[in-house]
Amino acid sequence: MLYLSLIISANFGPWELGPQHGFARTSKWKVEKEPVADKDGNVTAVLSLEDDDITRALWDYRFKLTYTLTLSEDSFGMKFQVENKDNKPFDFTCLLHTYFRTSDVVKTDVLGLGNLQYIDKVKGVQTFQQVDDPIIVEENVDRIYLNTPNEILIKDKEDGTTVKLTKDNFPEIVLWNPWKEKAAAMGDFWDEEYPNMICVEAGYVHKPYTLQPGSVFEASQTLTVV
Ligand SMILES: O=P(O)(O)OC[C@H]1O[C@@H](O)[C@H](O)[C@@H](O)[C@@H]1O
């Protein structure tokens, strides 16, 4: 099982002011610190994104996003910071757009979301209660789980790999797989990719976070092969 991580921020989902999921994921980030290994072999890189003419034309705030990535032998850590450099508060949502490669999605358990409420974006954005734990995705699923625990397991039962997702200050988990029809309709997703992926995404998306001038929001996630 491999994992990939992308970031989206300023907005999760369709956005009335700009592109789907906001501008952060398609903007060119600055490399603040090139990836360098420490004495234990852990490699850390730091990326940042600050407001410019393009972002202010869409969303008129001064900000700095900092994304710190740490790759270790068996884990991958992501720390995300948002700084409000403006003199007025702003709202944002953010999500670590984490796609996990899996041998077969119908043989993959997602553990830790039982007994939680979720908003189902496939079923009219209604709220439901999750009963099963583990969850096995066998159809088009697009859900926002609320008030989630800080540890989730993604278990590939075919190859025996389990990834532990631990997080801090990301209250929600988005569970997503487009399934066959939607995958075929998407421009940035291969038609036959859906059986080999599951998207389990930590985020702050249910309600926007309001950040006061001069303040910093910080949240993190670590993926560990266990
Ligand atoms: O194709 P995109 O823009 O990266 O989005 C993919 C999916 O990303 C998920 O995070 C959303 O919950 C889905 O609604 C969305 O379809």
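This is a predicted model: local features need pLDDT of at least 70, side-chain atom pairs count only at pLDDT 80 or more; totals for chains, interfaces and linings use all residues.
- The side chain of R25 places an N or O atom 2.7 Å from an oxygen atom of the ligand.
- For D142, the separation between an N or O atom of the side chain and an oxygen atom of the ligand is 2.5 Å.
- There are 15 residues around the ligand, and those that come nearest are Q20, R25, H97, D142 and E201.

**Make-up of the shell**

- By residue class, the shell around the ligand consists of six nonpolar, three polar and six charged residues.
- Two strands, β6 (residues 90-101) and β13 (residues 172-177), each supply at least two residues of this shell.
- The most is given by β6, which provides three residues of the shell.

**P14, an exposed loop residue**

- P14 is located in the loop that runs between β1 (residues 3-9) and β2 (residues 30-37).
- Its relative accessibility is 70%; because the threshold for the exposed class is over 50%, P14 counts as exposed.
- P14 and V205 are 191 residues apart along the chain, and their C-alpha atoms are separated by 12 Å.

**T148, a buried loop residue**

- T148 is located in the loop between β10 (residues 141-145) and β11 (residues 151-156).
- The relative accessible area of T148 is 10%, and because buried means under 20%, T148 is assigned to the buried class.
- The side chain of T148 forms a polar contact of 2.8 Å with the side chain of K167.
- The side chain of T148 also reaches the backbone oxygen of P171, at 2.7 Å.
- Leaving aside residues up to four places away in sequence, T148 touches L113, L116, K167, F170, P171, E172 and I173.
- Two of these contacts involve the polar pairings already described, with the side chain of K167 and the backbone oxygen of P171.

Conventions
Residues are numbered from 1 along each chain as its sequence is written. Side-chain values use heavy atoms; hydrogens and water are left out. A residue is near a molecule or strand if one of its heavy atoms lies within 4 Å of it. A polar contact is a pair of N or O atoms within 3.5 Å; within protein, one must be able to donate a hydrogen and the other to accept it, and residues adjacent in sequence count only if both atoms are side-chain atoms. Helices (H or I, at least four residues) and strands (E, at least two) are DSSP runs, numbered from the N terminus. Ala, Val, Leu, Ile, Met, Phe, Trp, Tyr, Cys and Pro count as nonpolar, Asp, Glu, Lys and Arg as charged, and the others, Gly among them, as polar. Buried means under 20% relative accessible area, exposed over 50%, partly exposed in between (1.4 Å probe, protein chains only). Contact means heavy atoms within 4.5 Å.
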